[in-house]
2 protein chains.
Amino acid sequence: MNIYTIMISRDNRHRAIRGILETSKISSQNELRERLEDLGFETTQATLSRDLAALRIVRIPGADKGYVYALSSQVTSSFSLMEDNSPLNTCKSIALSHNLAVLKCLPSFAPSVALFLDGLEMDVIIGTVAGDDTVLIIIREGVTHEQFREVLVSRLPELRDRI
Amino acid sequence: MNIYTIMISRDNRHRAIRGILETSKISSQNELRERLEDLGFETTQATLSRDLAALRIVRIPGADKGYVYALSSQVTSSFSLMEDNSPLNTCKSIALSHNLAVLKCLPSFAPSVALFLDGLEMDVIIGTVAGDDTVLIIIREGVTHEQFREVLVSRLPELRDRI
DNA sequence: ATCATAATTGTATATATATTCATAAATACG
DNA sequence: CGTATTTATGAATATATATACAATTATGAT
């Protein structure tokens, strides 16, 4: 009796779940159950709840509505690749100090974010410097924090709640 | 009346939510509601459900039990950093072909995974080559796929459902 | 200002998900 | 082999989350 006689059924189901989630958008455990049924796996929502927890599968709010289950290894990529893939989606926070704004983003994305900001040619920004996960924004002399925020938010509404 | 008179309350709440989730483990919307209450934000579970969707905050099954809400920018790191941070956690799948096993993992992790595998000095493996997200494993002549799987799974049970 | 339109929110409720409990199957151990 | 112990599962249910609806408030255009 080798190791494969144990938990054959559950592991196969787990494999199938991974496969399904990698290739299609599943938005409820019942939907997953039906999909598995098509593949010959008869099971219940309760078991799937446990399976998803065991596999540490995450539930992500969809772009406009609904939810999607995904492997955690897919999350960042699905978030940045799926729909609006602006580098701004990688932006985490913006803090102001005197004539500088410090924008924190995901590792390795700072150059893209800086390039994007440069492309906007905003009057209030006289230049940017990108590291790995940080963009330093140099603000034009005479521009107040409030003015900067206002301009930034009006051009980039998606940053509204990060500044 | 400037732009900041609009949606002050909601944006402030969103900011607060981000801040809370970045620094603490919240496992239900009610828990989040209580935390916000402490900060002076009175709201309801329904609103938080909508907020979490708007902010595209994900729900991750915890290591042993329960669930955690997290910013999507935290997911990969929280997954690999939080508990057992073996490079194997970045491993997505293993496929076999003749004397080769192709292990797919998260981008940039292949070298760590390969190093880890080398360290195991498994008889059935005569060598590995790491790309960026793929490790090529060369299997010793005469070892069957079943034997390889059996050895791999017995040494690395966490890969059980990826091969 | 005044009206029309759009956004935000709470209440109540529907829906989805997790968990308890009982049971069966698998494994470990004698 | 037989018994003890763990693991997996389903049914029923508790809990958590999403949403329809109505009311309120904000925004935009005269």
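Of the 163 residues that make up chain A, 26% count as buried. The model is predicted, and the values below are to be read as computed from it. Among the contacts in chain A with a separation of 6 or more, 43% are accounted for by residues 24 or more positions apart. Chain A contains six helices and six strands, and from the N terminus on its elements follow the order α-α-α-β-β-α-β-β-α-β-β-α.

**Domains of chain A**

- The domain assignment of chain A gives two entries, with domain 1 covering residues 3–81 and domain 2 covering residues 87–162.
- Taken over C-alpha atoms, the centres of domain 1 and domain 2 of chain A are separated by 38 Å.

**The four-stranded sheet of chain A**

- In chain A, an open sheet is formed by four strands in the order S3-S4-S6-S5, and the pairing within the sheet is antiparallel.
- The edges of this sheet are held by S3 and by strand S5 (125–130) of chain A, each of which pairs on one side only.
- With direction ignored, neighbouring strands of the sheet are turned by 20° against each other on average.
- S4(A) and S6(A) run antiparallel and are joined by five bridges, and A:Ala101 stands opposite A:Ile137 in S6(A).

**Helices against the sheet strands in chain A**

- Helix H5 (residues 110–120) of chain A lies across S3, S4, S5 and S6 of chain A, and runs at about 165° to S5(A).
- In helix H6 (residues 145–155) of chain A, the buried residues are A:Phe148, A:Arg149 and A:Leu152; they cover an arc of only 95° around the axis, which means that they lie on the same side of H6(A).
- The other side of H6(A) carries A:Glu146 and A:Ser154, which are exposed.
- The partners against which the buried residues of H6(A) pack are strand S3 (91–97), strand S4 (100–105) and strand S6 (134–139) of chain A.

**The four-stranded sheet of chain B**

- Chain B has an open sheet of four strands in the order S3-S4-S6-S5, with antiparallel pairing.
- Strand S3 (91–97) and strand S5 (125–130) of chain B stand at the edges and have a single partner strand each, so one side of each is left without a neighbour in the sheet.
- From one strand to the next, the twist of this sheet averages 20°.
- S5(B) and strand S6 (residues 134–139) of chain B run antiparallel and are joined by five bridges, and B:Thr128 stands opposite B:Ile137 in S6(B).
- Helix H5 (residues 110–120) of chain B packs on the sheet, where it touches S3, strand S4 (100–105), S5 and S6 of chain B, and the direction of H5 makes about 165° with that of S5(B).

**A helix pair in chain B**

- Two packed helices are described by the angle between their axes and the distance between the axes.
- For helix H2 (residues 29–38) and helix H3 (residues 45–54) of chain B, which pack together, the angle is about 100° and the axes are 9 Å apart; H2(B) is therefore roughly perpendicular to H3(B), because angles of 65 to 115 degrees count as such.
- The contact between these helices is made by B:Gln29, B:Asn30, B:Leu32 and B:Arg33 of H2(B), together with B:Gln45, B:Leu48 and B:Ser49 of H3(B).

Notes: Residues numbered from 1 in each chain as written. Chains lettered and ligands numbered in written order. Predicted model: local features only at pLDDT ≥ 70, side-chain atom pairs only at ≥ 80, totals over all residues. Buried ≥ 20, exposed ≤ 12 C-beta atoms within 10 Å, placed from the backbone. Helix = DSSP H or I, 4+ residues; strand = E, 2+ residues; numbered from the N terminus. Arc of directions from axis to C-beta. Contact = placed C-beta atoms within 7 Å. Domains from an automatic or database assignment. Pairing = 2+ DSSP bridges. Axes fitted to C-alpha atoms, helices over the stretch in contact; angles between N-to-C directions. Parallel < 35°, antiparallel > 145°, perpendicular 65-115°, else oblique.
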